[in-house]
Amino acid sequence: MDGVHDMGGMHGFGPVHTADGHLAYHEPWELRAQILGLLSGSVSRDGIEHLDPATYLASSYYVRWLLAAENTLVRSGRLDPADLKRWETTFAQDPDARPPVASDPSTVEFLRTGLGPHTHGAAESPLFGRGDRVRVRRIHPEHHHRSPRYIRGAVGEVERVCGADPVPGLPAGEEAVEPVYTVRFSSVDLFGDRSSDGEPPYVLLIDLWERYLEAP
Amino acid sequence: MSDHDHDHDHDHSHYDTPSSRRPRSEMELRTMALEAALVEKGLVATDAVDEFVELMEHRMGPHHGARVVARAWVDPDFRERLLADGTNAIAELGISGPEGNVRVVENTPDTHNLVVCTLCSCYPWPLLGLPPIWYKSFAYRARAVSEPRSVLREFGLEVDADVEVRVWDSSAEVRYFVLPERPPGTDDLTEEQLADLVTRDSMVGTGVPTTG
């Protein structure tokens, strides 16, 4: 979807706040919220992107995970909002109360030994090859996708064929695997020549599924 | 952040920070409620959550990335393999894991690389651990692709006009990792000493290694 999460090139966010240095979060519960979302399988990029825009912009990274988890778990009926409220009240009223404890050694073992990197499939019959000029198709999908607005309509050059990967955001039953390309753009073709503003031309490289591209 | 050591007797030390002596924020309460409801329903287990936290906070981390950089600096054949196939090269050093499909991009006297994920915050976890708050921030996600030199200046890094800046937007499954330039005057250092020069920021492109 072309939501507020698609932020490349947006103005208005001010300087990057670098003073926190390497800090990944401010409070440990934040990381725990993300892990709960991951382990319950209740948080996806799609779910986070579908948060109300004002909520998305007003929420920290980890709160977005928490909200997306709650939304998905309640909407699917896996959790009852009354239970969430009951627990929230319990913890609010008793600072020493803690969540119940349960153990799952097989998941622990899997997390220790079974998690590996994504592996690409082989790109069979890719439409494009290294050096080919390609244009980013003008599309406007409501479903989750990974073709940001700031490159739409721009012409670039294939820098690498990455392999083939499942296309994100497709409805159940319509899954597809397609070649993914690293495409190189000149910043001039994306944002104009801003040399006089202290930003001389640079190169932008981004990975795009085949369906996001066409011959120019 | 309190740099607490993970403790294994499941007393939920994540909910026991000094700040929890104040009333907890609504979002902290809702996180605790989420954990409680999920455990109660048998949908997640506490030790699995603890294990994943341990993985993200300690087992994965920039100490791995620094080892890779130092090895590439001292071993030209490794460097070539690293640039050709990052995922398999880092596996030679025992490094692999989720978000670990890696392409390594090399800084040179003519080229400076910068990595971002504009759409969310994709990051090469096995090599760098958790992304910093700034990497996940709207300002970085918005501006790294549109005004990289201005962003780098905010990190105290000035890139010469004749150096090509390359910004990598991690929009698919590949996670990008910057191989920074080896600082001059380091010929006598051991591989371990070289790894100590490699900052987290230098492996994302918002900094350069220290000179020791």
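Student: What makes helix α1 of chain A and helix α4 of chain A a packed pair, and at what angle do they pack?

Tutor: Some ground rules first: this is a predicted model, where local features need pLDDT of at least 70, side-chain atom pairs count only at pLDDT 80 or more, and totals for chains, interfaces and linings use all residues. Residues are numbered from 1 along each chain as its sequence is written, chains are lettered from A and ligands numbered from 1 in the order in which they are written, and side-chain values use heavy atoms, with hydrogens and water left out. Now, two packed helices are described by the angle between their axes and the distance between the axes. Helix α1 (residues 28-39) and helix α4 (residues 61-75) of chain A pack at about 35°, with axes 8 Å apart. Axes are lines fitted to C-alpha atoms, for helices over the stretch in contact, and angles run from 0 to 180 degrees between N-to-C directions. Helices here are DSSP runs (H or I, at least four residues), and strands are too (E, at least two), numbered from the N terminus.

Student: Which residues of α1(A) and α4(A) meet?

Tutor: On the α1(A) side they include A:W29, A:L31 and A:L38, and on the α4(A) side A:Y61, A:W65 and A:L66 are among them. Contact means heavy atoms within 4.5 Å. By class, the residues of this contact come to 10 nonpolar, 2 polar and 1 charged.

Student: How do you know how much area is buried between chain A and chain B?

Tutor: Buried area is the accessible area (1.4 Å probe) that two parts lose on being put together, summed over both. For these chains that gives about 8600 Å², with 62% from carbon and sulfur atoms. Within the part that chain A buries, A:V16, A:R32 and A:L36 supply 9%, more than any other three residues. The contact takes 98 residues from chain A and 96 from chain B.

Student: Why is A:R32 with B:D50 called a salt bridge?

Tutor: The rule asks for a side-chain nitrogen of Lys or Arg within 4 Å of a carboxyl oxygen of Asp or Glu. In this pair the closest N and O atoms are 2.9 Å apart, so by that cut-off the pair qualifies. A:R32 lies in helix α1 of chain A and B:D50 in helix α2 (residues 46-59) of chain B, so the pair joins two chains. Another one is B:E40 with A:R86, at 3.2 Å.

Methods. Nonpolar A, V, L, I, M, F, W, Y, C, P; charged D, E, K, R; others polar.
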